[in-house]
Amino acid sequence: MKPDVRISDLQILTGDNRKLLPNLPAESVQCCVTSPPYWGLRDYDHTSQIGAEPSPVQYVENLVEILREVRRVLRKNGTLWLNIGDGYARNGGTGNCGPNAIVGNTKKLIQKRNCKVPSCWGLKDRDLMGLPWRVAFALQADGWVLRSRITWLKKTAMPESVKNRPTSATEEIFLMSKAPTYYYNSEAVRESTGANLRNCWVLGPDTGGNGHPAAFPRELARRCVLLGSRAGDTILDPFGGSGTTGVVAKELGRRAILIELNPEYSQISKERIRHANQQNFRL
Ligand SMILES: C[S@@+](CC[C@H](N)C(=O)[O-])C[C@H]1O[C@@H](n2cnc3c(N)ncnc32)[C@H](O)[C@@H]1O
């Protein structure tokens, strides 16, 4: 398998992770840090995109299948750091402020899908779907060890025009391992008091934006990479987006493999990494 881009120790593969992951060698990656698209929220403009399944049941199944391949490529003591968001089941129209208000680059395809309560799990209009936990439990049943639920408390939450519940300002990051014992460097990131890091991370968005609608903060990736790997290890992000995991991995002296479906986002990754490492590589 030839990467589109190889920047010293970083590979950017453009394509569907379901097709590309099986080409990676078993037990070659120490740590996977990733954030899949959330179900029914954004349109990433590709027929193979995850998150546009007609039913959230299929979404959970697809993630289990993809992350099973990730488990295969992880070393025996490797870890998965999975950031995943929730959503509401709604019957309602679309628009700028309705129950399914258009956010980010949401387009009609996904908006329509997200406009009718899915007929599964006993969902009713206005039900929080609990998708992060449904995915976590499905992964647990598939063989992963569920080690921690980290709550990312967003310093800047997306405004919501709701008057019947609090505004959502958190997302989950699940720490999962391939085996009950695994590599975790508890000294690598500590609380400011010196205590063991807690499972609530208060993080703001990175300033400036990078052209991707759903990039996670660099500090989120930095913590996962530092806790889950040593210098020289390989980090994988199968939903690479704008390459935040790759930029951070390179900065911390790790190797990285990014897989991204949309060539525009692969290009953004390439530019970001080029910018961050100007002295160290030639494309
Ligand atoms: C939430 S974004 C990841 C953002 C990333 N963490 C960052 O900081 O830029 C999810 C990404 O997964 C990509 N994606 C969706 N389905 C995919 C698939 N089947 N294979 C590879 N990438 C996929 C989307 O194009 C999108 O860029």
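The shell around the ligand in this predicted model is made up of eleven nonpolar, eleven polar and three charged residues. Of these 25 residues, the ones that come nearest to the ligand are Asn-17, His-212, Ser-242, Thr-244 and Glu-260. A nitrogen atom of the ligand lies 2.9 Å from a backbone N or O atom of Asn-17, and for Ile-50 the corresponding distance between a backbone N or O atom and a ligand nitrogen is 3.0 Å. A polar backbone atom of Ser-48 is 3.3 Å from a nitrogen atom of the ligand. The ligand, which taken alone exposes 610 Å², has 99% of that area buried by the protein.

A pair of aromatic rings is described by the distance of the centres and the angle of the planes. The structure holds four aromatic pairs. In one of them, the rings of Tyr-44 and Tyr-265 have centres 6.1 Å apart and planes at 80°; because an angle over 60 degrees counts as edge-to-face, this pair is classed as edge-to-face. Tyr-44 belongs to the loop between strand 3 (29-34) and helix 2 (56-73), while Tyr-265 belongs to helix 7 (residues 263-276), so that the pair links distant parts of the chain, 221 residues apart. Both Tyr-44 and Tyr-265 are buried.

A further pair is formed by Trp-133 and Phe-174, whose ring centres are 4.9 Å apart and whose planes stand at 75°, so this pair is edge-to-face as well. Trp-133 is part of helix 4 (residues 131-142) and Phe-174 is part of strand 8 (residues 170-177); the pair therefore ties together parts that are 41 residues apart in sequence. How covered are the two partners? Trp-133 counts as partly exposed, because its relative accessibility is 30%, whereas Phe-174 has a relative accessibility of 0% and therefore counts as buried. Ring pairs also bring in Phe-137, giving a cluster of Trp-133, Phe-137 and Phe-174.

Strand 8 also contains Glu-171. With a relative accessibility of 9%, Glu-171 counts as buried, because buried means under 20%. The side chain of Glu-171 has polar partners: a contact of 2.3 Å joins it to the side chain of Tyr-38, and a contact of 3.1 Å joins it to the side chain of Asn-83.

The C-alpha atoms of Asn-210 and Tyr-265 are 9.7 Å apart in space, although the two residues are 55 residues apart in sequence. Asn-210 is located in the loop between strand 9 (200-203) and helix 5, and its relative accessible area of 22% makes it partly exposed.

The buried residues of helix 5 are Leu-220, Ala-221, Arg-223, Cys-224, Val-225, Leu-226, Leu-227 and Gly-228.

A disulfide is a covalent bond between the sulfur atoms of two cysteines. How many disulfides does the structure hold? The number is zero. For Cys-31, the closest cysteine sulfur is that of Cys-224, and because the two sulfurs are 7.0 Å apart, they are too far for a bond. Cys-32 is likewise in no disulfide, and its nearest cysteine sulfur, that of Cys-31, is 7.4 Å away. Cys-31 counts as buried at 0% relative accessibility, and Cys-32 is buried with a relative accessible area of 0%.

Most residues other than glycine have a negative phi, and most peptide bonds are trans. Glu-27, although not a glycine, has a positive phi of about 55°. Glu-27 sits in the loop between helix 1 (17-20) and strand 3, and counts as partly exposed at 39% relative accessibility. Trp-121 is another residue other than glycine with a positive phi, near 55°. Its place is in the loop between helix 3 (108-113) and helix 4, and at 32% relative accessibility Trp-121 counts as partly exposed.

Notes. Residues numbered from 1 in each chain as written. Predicted model: local features only at pLDDT ≥ 70, side-chain atom pairs only at ≥ 80, totals over all residues. Heavy atoms only, no water. Near = heavy atom within 4 Å. Polar contact = N/O pair within 3.5 Å; in protein donor to acceptor, adjacent residues only side chain to side chain. Areas by Shrake-Rupley, 256 points an atom, 1.4 Å probe, with all protein chains shown as cover. Nonpolar A, V, L, I, M, F, W, Y, C, P; charged D, E, K, R; others polar. Disulfide = S-S within 2.5 Å. Buried < 20%, exposed > 50% of the residue type's maximum accessible area, 1.4 Å probe, protein only. Phe/Tyr/Trp six-rings, centres within 6.5 Å; stacked < 30°, edge-to-face > 60°. Helix = DSSP H or I, 4+ residues; strand = E, 2+ residues; numbered from the N terminus.
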